[in-house]
Number of protein chains: 2
Amino acid sequence: MAGVSISTVSRVINNSKPVQDDLRKRVLDVMEQTKFRPNTIAQNLAKNESNLIGVMLPEVKNTVLDELIHGINHVSRIYGYNTMLSLTGGTLENELHYFNLFRGIQADGIILASDNLKGELIELIELSGIPCILVGRDAHSASIPSVHVDNITAAYEAVTYLIQQGHRRIAMIRARSGDVASGDHRFEGYRMALAEAGIPLARDWIVESGITVEDGIEAMRKIRESRSMPTALFCATDRIAIGAMHDLMENGLRIPDDVSVVGFDGIDMSAMIRPKLSTVKYSASEIGMTAARNLIKRIRGGEVSPRHWCVSHYLETRDSVRSI
Amino acid sequence: MAGVSISTVSRVINNSKPVQDDLRKRVLDVMEQTKFRPNTIAQNLAKNESNLIGVMLPEVKNTVLDELIHGINHVSRIYGYNTMLSLTGGTLENELHYFNLFRGIQADGIILASDNLKGELIELIELSGIPCILVGRDAHSASIPSVHVDNITAAYEAVTYLIQQGHRRIAMIRARSGDVASGDHRFEGYRMALAEAGIPLARDWIVESGITVEDGIEAMRKIRESRSMPTALFCATDRIAIGAMHDLMENGLRIPDDVSVVGFDGIDMSAMIRPKLSTVKYSASEIGMTAARNLIKRIRGGEVSPRHWCVSHYLETRDSVRSI
DNA sequence: CTGAAAGCGCTAACAC
DNA sequence: GTGTTAGCGCTTTCAG
């Protein structure tokens, strides 16, 4: 329509080479008038890059993840990348599926939160050659960089705080083993703190659970039904803690008078419930930003050796713990 | 590697035409051993379709949206579609941007929650010819089908309930006008209920606010500082309600003794806070499933005339309202 | 049933 | 500066 060659059109679209003003104008006019948009997919195919970063998360049920995503989006945008998100539900099958989907649309890099970084998934990632970065959990495999809070230390500090407040009968509702961050590592911190204080682990007071509010309710019920009650409870996530508090209060126990509770994550609701929940806080958006920044560095051929970054954390003490 | 032509490989990948067993096996073996995956993007380019549904949401800060997404994913998967999500922050600029991004990767259809369905955006959508469906809010424009709860009626019922409990001094924290669902429509329901009961609107008791917990705190403060206090409060979202309750309790007011509160959405936290929040509930996953189902029908050339679907709602009465 | 060849919409040398 | 041409990785006629 503009009476020019395809290449010229391509050049004005990409500003890749100089084009005479009148030709450029003719092209632009036609584009405007036909509302033409270049087909990204074909561009990507031809260029073998997409300026697209894929994000794979198991779910988005708490505010922390929204912050994480915003952190990622923020720096991605600055560097000219778009992001696209998919929810995997945490299953290996879905993770493989979505990884291939991202691969298919030529994603330049992928940020993922997964507990299945081994076997098939890790093979696929390495084979694909797509730069990846793990968020939220410490990497099993050294081949993939990661950004996360120091879950072990943070949990250790939270439980140590409880011990300092005079508690020795401390239960923990942990996430399932296999759930790296909130399961294994936060439990490890709990174990270390108790060990250091010479407190033996009490089987009845360690219950494995999902990470949702409902799971917390269920898990708390199990602890209540055990032979004796703890005076304090450390929960792997705030949602678990909120569920547990719900169960306790429904059953006539007072917080923190009867049992003290500490959570992990610092979701916004932790400050809204009563009593306000003491919890381990950290900046999820910082995780997102750091991840995006370093992923992009790798995409652009920066450092290759995988590193692991920790963002800072602190215990926000509120009203759910008493000293005895 | 398998000693066959490209076409044959394509045929075994797609099962599009019969291939002799031994050839098929040779191809499959090589695919397995090289971990070969077809390049989706090139497939799409050649086929001019992607089996991809784009989802555009402003944010994912509450459990309702997680449910919504899962609803969408669930039925999409059944029909062989993949989904990809992008967070727009609710700004027109981002919505245009991501829409074009989805268009670029040849998304077959798009599910979106937007309050900017007019002017540029609607033009772009119509021009692109991509089937779209709106979730969460009633469509301005008749040209785009939508799935949502009947916000006006639901809000009307919630406020009418308050009136039945003997309240006449009823405040509302509404979302901003322009925010179709939680702003305009839920306010309209409030207005109708009061009008029907012959209660005049009190300017001081209607405050416009964002939809987050923090916004709720801020808005409640404004109401507290007005000349006189209401006995009841209707909030456009549960998060607002939770923030408002926080502010009230921080300032020594009791719920429901001093003021009754009703929320909207039925997020999981509404049952966790104390007192438990009475709120309008509905199934977000049903919205997601209905949207996906009908979008796919449109993609496949089913009915063209846009329709609007409502999912059912009900008022879950809990402990945050007293009768006077 | 199988291979050769054209083409999806675009970019990137390569000539002029 | 601009047009021509060869792909990007795949699907789909079209012959055989």
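User: How much space lies in the second largest cavity?
Analyst: About 60 Å³ of space lies in the second largest cavity of this predicted model. A cavity is a set of points on a 1 Å grid over the protein atoms alone where a 1.4 Å probe fits but cannot get out, and its volume is the space filled by probe spheres set on those points, which are joined across faces, edges and corners.

User: Which residues are closest to its centre?
Analyst: Asn294(B), Arg298(B), Glu303(B), Ser305(B) and Trp309(B) are the closest, out of 10 residues that line the second largest cavity; lining residues have an atom within 4 Å of a point. By class, that lining holds five nonpolar, two polar and three charged residues.

User: And how much space lies in the largest cavity?
Analyst: The largest cavity holds about 130 Å³. Its lining comprises 14 residues, and those nearest its centre come from both chains: Lys61(A), Asp268(A), Met269(A), Lys61(B) and Met269(B). Four of the lining residues are nonpolar, four are polar and six are charged.

User: How many cavities are there in the whole structure?
Analyst: The search finds five of 30 Å³ or more.

User: What can be trusted in such a model, and how are residues named?
Analyst: Local features need pLDDT of at least 70 and side-chain atom pairs count only at pLDDT 80 or more, while totals for chains, interfaces and linings use all residues. Residues are numbered from 1 along each chain as its sequence is written, chains are lettered from A and ligands numbered from 1 in written order, and side-chain values use heavy atoms, without hydrogens and water.

User: A new topic: how many residues of chain A are in contact with chain B?
Analyst: In chain A, 53 residues are in contact (heavy atoms within 4.5 Å) with 54 residues of chain B.

User: How much area do the chains bury between them?
Analyst: Chain A and chain B bury about 5,000 Å², of which 62% is on carbon and sulfur atoms; this is the accessible area (1.4 Å probe) lost on being put together, summed over both. On the side of chain A, Ile41(A), Met84(A) and Met272(A) lose the most, together 13% of what that side buries.

User: How many salt bridges are there between the chains?
Analyst: There are four, each a side-chain nitrogen of Lys or Arg within 4 Å of a carboxyl oxygen of Asp or Glu. One salt bridge joins Lys276(A) to Glu250(B), with the closest N and O atoms 3.2 Å apart.

Definitions and conventions: On a 1 Å grid over the protein atoms alone, a cavity is a set of points where a 1.4 Å probe fits but cannot get out, and a pocket is an open set with protein on both sides within 12 Å along at least five of seven lines; lining residues have an atom within 4 Å of a point. Ala, Val, Leu, Ile, Met, Phe, Trp, Tyr, Cys and Pro count as nonpolar, Asp, Glu, Lys and Arg as charged, and the others, Gly among them, as polar. Buried area is the accessible area (1.4 Å probe) that two parts lose on being put together, summed over both.
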